[in-house]
Amino acid sequence: MIRSVVRGFGAALPKRVMTNKEMESKVDTSDEWIVQRTGIRQRYIAGEGETTASLGESAARAALARADLTADDLDLIIVATSTPDNTFPATAVNIQNRLGMRHGAAFDLQAVCSGFVYAVATADAYIRGGLAKRALVIGAETFSRILDWSDRTTCVLFGDGAGAIILEAREGSGMNADRGVLTAQLRSDGIHGDKLYVDGGPSTTGTVGHLRMEGREVFKHAVGMITDVIEAAFEATGTTADDVDWLVPHQANRRIIDGSAKKLGIPLDKVVVTVDIHGNTSAASIPLALDTAAADGRIKKGDLVMLEAMGGGFTWGSVLIRW
Ligand code: ACO
(Lines give C-alpha, C1' and ligand atoms only; values in the text may rest on other atoms or scores of the structure.)
Protein backbone atom coordinates (compact mmCIF):
# COMPACT_ATOMS: atom_id res chain seq x y z
CA MET A 1 0.00 0.00 0.00
CA ILE A 2 1.00 3.62 -0.49
CA ARG A 3 2.29 5.50 2.58
CA SER A 4 2.90 9.25 2.97
CA VAL A 5 6.46 9.42 4.28
CA VAL A 6 8.10 12.54 5.79
CA ARG A 7 10.95 13.55 3.49
CA GLY A 8 11.78 16.98 4.92
CA PHE A 9 10.90 19.55 7.56
CA GLY A 10 11.56 23.23 8.15
CA ALA A 11 10.43 26.27 10.12
CA ALA A 12 10.61 30.04 10.22
CA LEU A 13 10.06 32.62 12.95
CA PRO A 14 9.73 36.40 12.84
CA LYS A 15 12.84 38.38 13.80
CA ARG A 16 11.26 40.03 16.81
CA VAL A 17 10.94 38.31 20.20
CA MET A 18 8.44 39.67 22.72
CA THR A 19 9.10 38.56 26.30
CA ASN A 20 6.55 38.43 29.11
CA LYS A 21 8.40 41.39 30.64
CA GLU A 22 7.62 43.45 27.55
CA MET A 23 3.99 42.27 27.72
CA GLU A 24 3.83 43.83 31.19
CA SER A 25 4.24 47.24 29.54
CA LYS A 26 1.26 46.62 27.22
CA VAL A 27 -1.42 45.16 29.54
CA ASP A 28 -1.96 44.63 33.27
CA THR A 29 -0.19 41.27 33.56
CA SER A 30 2.97 39.72 34.99
CA ASP A 31 5.61 37.26 33.90
CA GLU A 32 4.69 35.16 36.94
CA TRP A 33 0.97 34.98 36.00
CA ILE A 34 1.69 34.05 32.39
CA VAL A 35 4.31 31.41 33.23
CA GLN A 36 2.25 29.84 35.99
CA ARG A 37 -1.00 29.62 33.97
CA THR A 38 0.43 28.82 30.53
CA GLY A 39 4.17 28.03 30.60
CA ILE A 40 4.76 30.79 28.02
CA ARG A 41 7.91 32.90 28.54
CA GLN A 42 8.15 34.64 25.17
CA ARG A 43 6.66 34.65 21.68
CA TYR A 44 7.73 35.91 18.22
CA ILE A 45 5.80 38.79 16.65
CA ALA A 46 5.78 39.50 12.90
CA GLY A 47 7.14 42.89 11.90
CA GLU A 48 6.74 44.99 8.80
CA GLY A 49 7.01 42.87 5.66
CA GLU A 50 6.65 39.61 7.61
CA THR A 51 3.36 37.90 6.74
CA THR A 52 1.85 34.43 6.89
CA ALA A 53 2.94 33.85 3.27
CA SER A 54 6.51 35.13 3.80
CA LEU A 55 6.96 33.00 6.93
CA GLY A 56 5.37 30.02 5.16
CA GLU A 57 7.68 30.50 2.18
CA SER A 58 10.78 30.52 4.44
CA ALA A 59 9.61 27.34 6.23
CA ALA A 60 8.91 25.72 2.84
CA ARG A 61 12.37 26.62 1.51
CA ALA A 62 13.98 25.12 4.64
CA ALA A 63 11.97 21.90 4.21
CA LEU A 64 12.82 21.67 0.48
CA ALA A 65 16.54 22.19 1.23
CA ARG A 66 16.53 19.52 3.92
CA ALA A 67 14.73 17.10 1.56
CA ASP A 68 17.18 17.98 -1.27
CA LEU A 69 14.23 18.89 -3.50
CA THR A 70 13.02 21.93 -5.42
CA ALA A 71 9.49 23.24 -5.86
CA ASP A 72 9.44 21.48 -9.27
CA ASP A 73 9.40 18.17 -7.37
CA LEU A 74 6.13 19.00 -5.56
CA ASP A 75 2.61 18.56 -6.92
CA LEU A 76 0.52 19.74 -3.95
CA ILE A 77 0.74 22.55 -1.39
CA ILE A 78 -1.65 22.76 1.55
CA VAL A 79 -1.39 25.70 3.94
CA ALA A 80 -3.17 25.44 7.28
CA THR A 81 -3.89 28.95 8.46
CA SER A 82 -6.56 31.14 10.04
CA THR A 83 -4.58 34.31 9.33
CA PRO A 84 -4.17 34.38 5.52
CA ASP A 85 -2.44 37.31 3.81
CA ASN A 86 -5.71 38.04 1.97
CA THR A 87 -9.24 36.67 2.08
CA PHE A 88 -8.34 35.35 -1.36
CA PRO A 89 -6.36 34.17 -3.27
CA ALA A 90 -5.27 31.43 -0.92
CA THR A 91 -1.98 31.86 0.94
CA ALA A 92 -0.99 28.45 -0.49
CA VAL A 93 -1.22 29.84 -4.04
CA ASN A 94 0.76 32.91 -2.94
CA ILE A 95 3.49 30.61 -1.56
CA GLN A 96 3.33 28.45 -4.70
CA ASN A 97 4.08 31.59 -6.73
CA ARG A 98 6.86 32.72 -4.36
CA LEU A 99 8.47 29.30 -4.82
CA GLY A 100 8.25 29.68 -8.61
CA MET A 101 6.05 26.59 -8.92
CA ARG A 102 3.93 26.73 -12.08
CA HIS A 103 2.19 23.35 -11.90
CA GLY A 104 0.22 21.22 -9.44
CA ALA A 105 -2.42 22.43 -6.98
CA ALA A 106 -2.37 24.61 -3.88
CA PHE A 107 -5.08 25.48 -1.39
CA ASP A 108 -5.62 26.70 2.18
CA LEU A 109 -7.24 24.69 4.93
CA GLN A 110 -8.83 26.29 7.95
CA ALA A 111 -9.27 24.31 11.16
CA VAL A 112 -7.68 26.87 13.52
CA CYS A 113 -5.26 25.25 15.99
CA SER A 114 -6.02 21.77 14.57
CA GLY A 115 -5.19 23.02 11.07
CA PHE A 116 -1.84 21.24 10.71
CA VAL A 117 -3.28 17.90 11.85
CA TYR A 118 -6.17 18.35 9.38
CA ALA A 119 -3.72 19.33 6.61
CA VAL A 120 -1.47 16.31 7.17
CA ALA A 121 -4.55 14.04 7.15
CA THR A 122 -5.74 15.69 3.91
CA ALA A 123 -2.36 15.44 2.17
CA ASP A 124 -2.12 11.80 3.26
CA ALA A 125 -5.57 11.09 1.74
CA TYR A 126 -4.54 12.81 -1.53
CA ILE A 127 -1.31 10.78 -1.66
CA ARG A 128 -2.91 7.43 -0.82
CA GLY A 129 -5.75 8.18 -3.25
CA GLY A 130 -3.27 8.79 -6.08
CA LEU A 131 -4.09 12.52 -6.47
CA ALA A 132 -0.60 13.64 -5.43
CA LYS A 133 2.89 12.18 -5.16
CA ARG A 134 4.69 14.80 -3.10
CA ALA A 135 2.93 17.33 -0.86
CA LEU A 136 4.26 20.35 0.96
CA VAL A 137 2.19 20.79 4.14
CA ILE A 138 2.60 24.13 5.89
CA GLY A 139 1.19 25.56 9.10
CA ALA A 140 1.67 29.33 9.10
CA GLU A 141 0.13 32.08 11.22
CA THR A 142 0.34 35.72 12.21
CA PHE A 143 -2.12 35.66 15.11
CA SER A 144 -0.58 38.91 16.44
CA ARG A 145 -2.58 40.65 13.70
CA ILE A 146 -5.99 39.41 14.95
CA LEU A 147 -5.37 39.91 18.67
CA ASP A 148 -7.07 42.57 20.73
CA TRP A 149 -3.92 44.06 22.28
CA SER A 150 -5.99 45.62 25.09
CA ASP A 151 -7.39 42.21 26.19
CA ARG A 152 -4.95 40.63 28.66
CA THR A 153 -6.91 37.36 28.72
CA THR A 154 -5.95 36.59 25.10
CA CYS A 155 -3.04 38.76 23.88
CA VAL A 156 -0.48 37.14 26.18
CA LEU A 157 -1.15 33.66 24.78
CA PHE A 158 -0.36 33.82 21.06
CA GLY A 159 2.59 34.27 18.71
CA ASP A 160 3.56 34.10 15.03
CA GLY A 161 5.54 31.59 12.98
CA ALA A 162 5.49 28.83 10.37
CA GLY A 163 6.54 25.22 9.96
CA ALA A 164 6.42 22.77 7.09
CA ILE A 165 6.89 19.12 6.22
CA ILE A 166 7.12 17.36 2.87
CA LEU A 167 5.17 14.11 2.50
CA GLU A 168 6.13 11.70 -0.27
CA ALA A 169 4.35 8.62 -1.68
CA ARG A 170 6.29 5.43 -0.96
CA GLU A 171 5.34 1.78 -1.13
CA GLY A 172 4.69 0.27 2.32
CA SER A 173 3.71 -3.14 3.65
CA GLY A 174 0.56 -1.93 5.42
CA MET A 175 2.09 -2.80 8.79
CA ASN A 176 2.91 -0.44 11.68
CA ALA A 177 6.61 -0.87 10.91
CA ASP A 178 6.11 1.19 7.73
CA ARG A 179 7.45 4.72 7.71
CA GLY A 180 4.80 7.38 7.07
CA VAL A 181 1.35 8.35 8.28
CA LEU A 182 -0.22 5.31 9.98
CA THR A 183 -3.56 6.83 10.92
CA ALA A 184 -5.36 10.17 11.24
CA GLN A 185 -8.37 10.84 13.45
CA LEU A 186 -10.31 14.08 12.89
CA ARG A 187 -13.28 15.50 14.81
CA SER A 188 -15.25 18.74 15.02
CA ASP A 189 -18.33 20.04 16.80
CA GLY A 190 -19.69 23.49 15.95
CA ILE A 191 -21.78 23.68 19.11
CA HIS A 192 -18.64 25.12 20.72
CA GLY A 193 -18.33 27.91 18.12
CA ASP A 194 -18.84 30.72 20.64
CA LYS A 195 -16.06 29.63 23.00
CA LEU A 196 -13.12 30.50 20.73
CA TYR A 197 -13.75 32.63 17.65
CA VAL A 198 -12.96 35.82 15.75
CA ASP A 199 -15.66 38.50 15.99
CA GLY A 200 -15.53 39.53 12.35
CA GLY A 201 -15.23 38.24 8.80
CA PRO A 202 -15.85 39.08 5.15
CA SER A 203 -19.50 38.01 5.11
CA THR A 204 -20.61 39.35 8.50
CA THR A 205 -18.84 42.56 9.47
CA GLY A 206 -16.69 43.07 6.37
CA THR A 207 -13.71 43.35 8.73
CA VAL A 208 -11.08 40.92 9.94
CA GLY A 209 -12.18 41.00 13.60
CA HIS A 210 -10.37 40.04 16.80
CA LEU A 211 -9.86 36.75 18.59
CA ARG A 212 -12.24 36.12 21.51
CA MET A 213 -12.00 33.20 23.92
CA GLU A 214 -13.71 31.72 26.94
CA GLY A 215 -10.42 30.38 28.30
CA ARG A 216 -11.93 28.26 31.08
CA GLU A 217 -14.45 26.67 28.69
CA VAL A 218 -11.67 25.75 26.26
CA PHE A 219 -9.57 24.36 29.08
CA LYS A 220 -12.51 22.29 30.36
CA HIS A 221 -12.89 20.43 27.05
CA ALA A 222 -9.27 20.28 25.88
CA VAL A 223 -7.80 17.31 27.74
CA GLY A 224 -10.83 15.04 27.13
CA MET A 225 -10.97 15.81 23.42
CA ILE A 226 -7.22 15.35 22.94
CA THR A 227 -7.07 12.04 24.78
CA ASP A 228 -10.16 10.83 22.86
CA VAL A 229 -8.49 11.20 19.43
CA ILE A 230 -5.17 9.79 20.63
CA GLU A 231 -6.91 6.73 22.02
CA ALA A 232 -8.75 6.41 18.68
CA ALA A 233 -5.36 6.41 16.93
CA PHE A 234 -4.12 3.69 19.27
CA GLU A 235 -7.22 1.63 18.58
CA ALA A 236 -6.98 2.08 14.79
CA THR A 237 -3.37 0.86 14.74
CA GLY A 238 -3.27 -1.58 17.65
CA THR A 239 -0.56 0.52 19.33
CA THR A 240 -0.37 1.76 22.93
CA ALA A 241 1.13 4.70 24.81
CA ASP A 242 4.24 2.55 25.43
CA ASP A 243 4.93 2.40 21.67
CA VAL A 244 5.01 6.19 21.26
CA ASP A 245 8.53 7.64 21.04
CA TRP A 246 7.40 11.30 20.89
CA LEU A 247 4.18 13.12 21.62
CA VAL A 248 4.20 16.40 19.67
CA PRO A 249 1.14 18.29 20.92
CA HIS A 250 -0.36 21.56 19.79
CA GLN A 251 1.43 24.14 21.93
CA ALA A 252 -1.44 26.08 23.52
CA ASN A 253 -0.77 25.78 27.18
CA ARG A 254 1.66 23.80 29.33
CA ARG A 255 -1.11 22.71 31.69
CA ILE A 256 -3.15 21.19 28.84
CA ILE A 257 -0.05 19.42 27.48
CA ASP A 258 0.93 17.99 30.89
CA GLY A 259 -2.67 17.00 31.71
CA SER A 260 -3.11 15.13 28.41
CA ALA A 261 0.24 13.31 28.69
CA LYS A 262 -0.56 12.28 32.27
CA LYS A 263 -4.02 10.98 31.36
CA LEU A 264 -2.54 8.95 28.48
CA GLY A 265 0.36 7.61 30.56
CA ILE A 266 3.01 9.17 28.30
CA PRO A 267 6.04 10.31 30.38
CA LEU A 268 6.89 14.02 30.07
CA ASP A 269 10.41 13.25 28.77
CA LYS A 270 8.72 11.92 25.62
CA VAL A 271 6.72 15.12 25.10
CA VAL A 272 8.06 17.91 22.86
CA VAL A 273 7.34 21.29 24.49
CA THR A 274 8.04 24.60 22.74
CA VAL A 275 5.16 26.68 24.10
CA ASP A 276 7.65 28.41 26.43
CA ILE A 277 9.51 29.98 23.49
CA HIS A 278 6.88 30.16 20.73
CA GLY A 279 3.64 30.79 22.65
CA ASN A 280 0.51 29.49 20.90
CA THR A 281 1.09 29.80 17.14
CA SER A 282 -2.14 27.96 16.26
CA ALA A 283 -1.68 25.85 13.07
CA ALA A 284 2.07 26.57 13.08
CA SER A 285 2.72 25.18 16.54
CA ILE A 286 3.04 21.48 15.70
CA PRO A 287 5.34 21.88 12.66
CA LEU A 288 7.45 24.37 14.67
CA ALA A 289 7.74 21.80 17.46
CA LEU A 290 8.50 19.01 14.96
CA ASP A 291 11.24 21.12 13.41
CA THR A 292 12.74 21.87 16.83
CA ALA A 293 12.83 18.23 17.95
CA ALA A 294 13.86 16.74 14.60
CA ALA A 295 16.61 19.34 14.06
CA ASP A 296 18.11 18.81 17.53
CA GLY A 297 18.17 15.03 16.97
CA ARG A 298 15.44 13.98 19.40
CA ILE A 299 13.04 12.72 16.70
CA LYS A 300 14.88 10.17 14.55
CA LYS A 301 14.01 8.17 11.46
CA GLY A 302 11.80 5.24 12.49
CA ASP A 303 10.45 6.89 15.65
CA LEU A 304 6.71 6.67 16.32
CA VAL A 305 5.44 10.25 16.60
CA MET A 306 1.95 11.21 17.78
CA LEU A 307 0.64 14.63 16.76
CA GLU A 308 -2.45 16.07 18.42
CA ALA A 309 -4.35 19.34 18.46
CA MET A 310 -7.55 20.97 19.60
CA GLY A 311 -8.81 24.41 18.74
CA GLY A 312 -11.52 26.77 17.55
CA GLY A 313 -14.71 25.20 16.21
CA PHE A 314 -14.08 23.13 18.20
CA THR A 315 -11.91 21.01 15.97
CA TRP A 316 -9.57 18.33 17.25
CA GLY A 317 -7.52 15.49 15.84
CA SER A 318 -4.48 13.24 15.97
CA VAL A 319 -2.02 11.83 13.45
CA LEU A 320 0.32 8.90 14.14
CA ILE A 321 3.46 8.98 11.98
CA ARG A 322 6.43 6.63 11.78
CA TRP A 323 9.11 9.32 11.14
N1 ACO B 1 -2.52 38.56 33.49
C2 ACO B 1 -2.94 38.67 34.75
N3 ACO B 1 -4.18 38.31 35.17
C4 ACO B 1 -5.01 37.81 34.22
C5 ACO B 1 -4.62 37.67 32.87
C6 ACO B 1 -3.32 38.09 32.52
N7 ACO B 1 -2.83 37.97 31.25
N8 ACO B 1 -5.64 37.14 32.17
C9 ACO B 1 -6.65 36.94 33.07
N10 ACO B 1 -6.27 37.35 34.29
C11 ACO B 1 -7.03 37.34 35.52
C12 ACO B 1 -8.51 37.31 35.30
O13 ACO B 1 -9.01 38.60 35.07
C14 ACO B 1 -9.02 36.71 36.60
O15 ACO B 1 -9.05 37.72 37.55
P16 ACO B 1 -10.24 37.79 38.62
O17 ACO B 1 -10.14 36.51 39.39
O18 ACO B 1 -9.91 39.01 39.40
O19 ACO B 1 -11.51 37.90 37.80
C20 ACO B 1 -7.91 35.73 36.96
O21 ACO B 1 -6.75 36.13 36.22
C22 ACO B 1 -8.26 34.30 36.61
O23 ACO B 1 -8.74 34.28 35.26
P24 ACO B 1 -9.16 32.95 34.57
O25 ACO B 1 -9.58 33.22 33.16
O26 ACO B 1 -10.09 32.21 35.43
O27 ACO B 1 -7.75 32.24 34.55
P28 ACO B 1 -7.43 30.74 34.26
O29 ACO B 1 -6.75 30.13 35.39
O30 ACO B 1 -8.59 30.02 33.67
O31 ACO B 1 -6.32 30.90 33.14
C32 ACO B 1 -6.15 30.66 30.78
C33 ACO B 1 -6.63 31.53 31.91
C34 ACO B 1 -4.63 30.55 30.83
C35 ACO B 1 -6.56 31.28 29.45
C36 ACO B 1 -6.79 29.27 30.96
O37 ACO B 1 -8.17 29.36 31.05
C38 ACO B 1 -6.45 28.35 29.87
O39 ACO B 1 -5.36 27.85 29.81
N40 ACO B 1 -7.39 28.05 28.97
C41 ACO B 1 -7.15 27.22 27.86
C42 ACO B 1 -7.30 28.02 26.69
C43 ACO B 1 -6.08 28.10 25.85
O44 ACO B 1 -4.99 27.70 26.13
N45 ACO B 1 -6.37 28.65 24.73
C46 ACO B 1 -5.42 28.82 23.75
C47 ACO B 1 -6.13 28.84 22.45
S48 ACO B 1 -7.12 27.45 22.25
C49 ACO B 1 -6.20 26.26 21.75
O50 ACO B 1 -5.21 26.50 21.13
C51 ACO B 1 -6.65 24.94 22.15
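Helix α7 bends by about 35° at A222. The bend is the angle between axes fitted to the seven residues ending there and the seven starting there. Helices (H or I, at least four residues) and strands (E, at least two) are DSSP runs, numbered from the N terminus. The model is predicted: local features need pLDDT of at least 70, side-chain atom pairs count only at pLDDT 80 or more, and totals for chains, interfaces and linings use all residues. Residues are numbered from 1 along each chain as its sequence is written, and side-chain values use heavy atoms, leaving out hydrogens and water.

Helix α7 covers residues 215-237, 23 residues in total. From first C-alpha to last it reaches 33 Å, close to the 33 Å expected at 1.5 Å a residue; that expected span is 1.5 Å times one less than the number of residues. Buried positions in α7 include V218, A222, M225, V229 and F234. Buried means under 20% relative accessible area, exposed over 50%, partly exposed in between (1.4 Å probe, protein chains only). Just after α7, G238 takes a positive phi of about 70°.

Now the domains. The chain divides into domain 1 (2-171) and domain 2 (180-322), with bounds from an automatic or database domain assignment. Their C-alpha centres lie 14 Å apart. The contact (heavy atoms within 4.5 Å) takes 53 residues from domain 1 and 49 residues from domain 2. Together the domains bury about 3800 Å², 67% of it on carbon and sulfur atoms. This is the accessible area (1.4 Å probe) that two parts lose on being put together, summed over both. On the domain 1 side, C113, V117 and I146 lose the most area to domain 2, together 17% of what that side buries.

Aromatic pairs come to 3. Rings of Phe, Tyr and Trp (its six-membered ring) pair if their centres lie within 6.5 Å; planes under 30 degrees apart count as stacked, over 60 as edge-to-face and the rest as tilted. The rings of F9 and W323 have centres 6.1 Å apart and planes at 50°, so this pair is tilted. F9 lies in strand β1 (residues 2-12) and W323 in the segment after β13 (315-322), so the pair ties together parts 314 residues apart in sequence. Both F9 and W323 are buried.

Last, the backbone. Most residues other than glycine have a negative phi, and most peptide bonds are trans. The bond from F88 to P89 is cis, with omega near 0°. D68 has a positive phi of about 55° and is exposed at 68% relative accessibility. S282 has phi near 50°, but is buried at 1%.
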